[in-house]
Amino acid sequence: MEPVVEIRGLTFTYSGSASPALEGVDLQVYPGEFLTITGPSGCGKTTLALCIAGFIPHAYAGKMKGVVRVQGRDTREYPAGGLSSIVGLVQQDPDAQLCTLTVSDEVAFGPENLCIPPEEIRERVYFALDAVDALDLMDRKVHTLSGGEKQRVAIASVLAMKPSIIILDEPTANLDPSCANEVLKALKRLKYEHGISVVIIEHRLERLIPISDRLLVMQKGKIVGEGTPKDFRKIYIPAERRVDSVTALKKGKLPGCKTKVEKPLLSVENLKAGYENKDVISGISFHAYPGETIAIMGDNGSGKTTLLLALLGILKPREGKIYLDGEDITREKASRRARVMGLTFQNPNHQIFENTVFKEAVLPSLFLSRDTLGEIEHRADCLLEAFDLKQYKDANPFTLSLGEKKRLTLVSVLAYSPKVLILDEPLVGQDDYRLDVLMAVLREHSAHGGITLMVCHEPAVVASCCHRILFLSEGKLIIDAPVNEALAKLAQLGLEEYLPAGYEFSLPGEEGKKSEQSRITVRDRITSAVNGFSPEPTRDGNRTLLHRIHPLVKLFFLFSFSMTVFAVPFWRGEITLFCLLLGLYALAGQGLAFFSRRLRFIFVFGLLIFLVQILAVKEGILLWQFDLGSVRLSIWSEGLSRGLSMMLRFVNIIGSSYLFVVTTDSNRLAYALMQAGLPYRFGFMLITALRFIPVFHMELEQVKNAQMAKGIEIEGISPGKLLRVVRYILVPLVISALSRVDSLTISMESRAFGLYPARSYMYSQNLSRNDKIAIFVIPVIFLLFYLIFRSLV
């Protein structure tokens, strides 16, 4: 059997690097094979994936030796993305590689770039979504999807290219067990039902055992080991994290388990918090005692991160109390709480501000610790060495891998020794050795009376290293119990994905019967509660006439309306146009009250324009004169006329633009512009901007939250320090933007974007005969309107 991928003597060194990222790699991948690649952070796994996908050496500067062939084609002979119909690449963060606004457009994106006929594109979209069991997502907007749904759509968008091999870089790293199961089921279907070769890069191997054919272990750029499924558990999964002995759990013999003392260190009573007008968590109450390591579990969107932010005070609770060592801290500032509560974020890029690893490690301590600079630096130095980061001491922290960044943010928190550690998914990107180091540090923290609250999606780690589980569902705390009891309750609820492998027992006196009625049904309905999104379809059968009009016709109307607004000579014409605008608002289907609430600022600003004009212009007939204290004010006819005209002009321009925005699908507009002749590269610039503007707004909030978590306050600081704080905001945002651009470029090129000068489209947005007539008639009507009012002057 001929291999799909054949690699001989592959060595690659990035420009500016002293050592090769890959060295002497030989590898064959066969049709229908499921290959798992694992190894420590920075060992070259992602670089190998980029070589197979053909992005190295074309898209990354460096020196490459050896040969990489995909279906007999030498990757050197094809541009980046030139092999997109043979090999598909799914990156680690699906949110950074989805480039359109709707699921169907995202999956159609690749076939459209290959200039495939519309009928076949629709067939491919159906095939790809069906292959990952996501047909129900077809009409959804991308921003409403959960993490698992986004990952499945990312896989489907690659499958629509009909590749022979698909490569996935840690596809389950940021997913809860439920979402991870969704993704792995999709991959299993690819292997068994479609015969596609799958190469998956992962640190966590437990879930991959049943579906993998072969395991490769990498270290320092080389393949150093190979195994079969029966070898996985006994060789590559450390024994200390297996849960083979259920008896130990039943008896409560948990490693390092502390006896509960009378007085809790942290208490939460009836906590409610959320965003804008939406409650994300409510009725949360629990106690945490000195020496406890507590796992916080639950599906994506269940409120885990919201709870962490509320504990530190970044998110102000709407109800409830938080006590630390018996003291009410509910109203205390986050920057003050941070002295005793250390928070690490899910995305480490939001929490890194300095230009060297060592400066970043000591940064929070400079704000939060009372120790001397020498003591702070010594402690940070020791922690960097313990977490295998000392070698990068003078390096830019943004050049580290994801796992290394996660460890660095933890080091920066541990350096000032807070009593309470609040960790949001700290295990992401950690290989087995680093995971052991991390858990050893947390055990030491517990031994000194500290507590750890850790969002964790690894059941085996929770079972072997934690004392209690807090399980959230739909913003409610449904389980608060010791690990053995909590796992038994999860088993009763039918949540097997949250149980470690081999775990099968029930609570004493019960037979472990699973109640389907009690099973939690938040899988597909809860999306990103943090962003306030809900899973609404993009197509609405109740859309009004204004929504259904072709976007180019509406754009032409807006242009003609705006030109007429500026051209009509006096306020009577502006009033007529304003009445026309009100009529259009009434046709928009929301009611005038809906728009008046959203356009209040326009009317206020328009009123200010009116007042300035009537008080400043002293021409025409004197209408009214009065004294305001020692100032005499007068209103003249010309001032009143100009004031009305300018106020209505402003309201008409802004109001018509807003109406266009709320009744026009931006995705449909962009596609219509491209099909009307706009170069498709510019069209997709518009689409990606619309896709990521709200994402960057959210990231700005995350960076501000990270500043508070590190004790950085803006109020009352000197101008010099204020500039530094602004730099702390800009640096992570710029780095994040560059990272997203890099990921998005790879994602788009891997789906043949720019490979051909033209592209096809799944759905036509061409103008119909009636649309063309409307475009001709609209300017004629407004021209007649202008001439009529001109004649009345």
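In E4, which residue is the bridge partner of Phe12?

Guide: Happy to. In E4, the partner of Phe12 is Met64. A word on the basis: this is a predicted model, in which local features need pLDDT of at least 70 and side-chain atom pairs count only at pLDDT 80 or more, while totals for chains, interfaces and linings use all residues. Residues are numbered from 1 along each chain as its sequence is written, and side-chain values use heavy atoms, with hydrogens and water left out.

Two strands count as paired if DSSP finds at least two bridges between them; helices (H or I, at least four residues) and strands (E, at least two) are DSSP runs numbered from the N terminus. E1 also runs antiparallel to strand E2 (residues 22-29), with 5 bridges between them. There, Glu6 faces Gln28 of E2.

Gly54 follows H1 and has a positive phi near 90°.

In one, 4 strands are ordered E12-E11-E14-E15 with antiparallel pairing. Strands E12 (278-288) and E15 (327-328) have a single partner strand each, so one side of each lacks a neighbour in the sheet. E11 (residues 266-275) meets E12 over 7 antiparallel bridges, and Gly274 sits opposite Asp279 of E12. Across E11, E12 and strand E14 (319-324) lies helix H8 (residues 304-312), at about 115° to E11. Contact here means heavy atoms within 4.5 Å, and angles, from 0 to 180 degrees, are between N-to-C directions of axes fitted to C-alpha atoms, for helices over the stretch in contact.

The other open sheet has 6 strands in the order E16-E17-E18-E13-E19-E20, with mixed pairing. Its edges are E16 (341-344) and E20 (476-482), each pairing on one side only, and the twist averages 15° from one strand to the next. Within it, E17 (residues 420-424) and E18 (residues 451-455) run parallel, joined by 5 bridges, with Ile422 partnered by Leu453 of E18. Helix H13 (residues 432-447) lies across strand E13 (293-298), E17 and E18, at about 145° to E18. Helix H15 (residues 483-492) also packs on this sheet, touching strand E19 (468-473) and E20, and makes about 135° with E20.

To finish, look at helix H25 (residues 769-791), which contains Val780. Val780 is partly exposed, at 37% relative accessible area, and belongs to a nonpolar surface patch of about 730 Å² whose members include Ile773, Phe776 and Leu787. Patch residues have over 30% relative accessible area and no salt bridge; like charges are joined within 9 Å, nonpolar side chains (Val, Leu, Ile, Met, Phe, Trp, Tyr) within 5 Å. A salt bridge puts a side-chain nitrogen of Lys or Arg within 4 Å of a carboxyl oxygen of Asp or Glu, and areas come from the Shrake-Rupley method with a 1.4 Å probe, where for residues only the protein chains shown count as cover.

Key. Buried means under 20% relative accessible area, exposed over 50%, partly exposed in between (1.4 Å probe, protein chains only).
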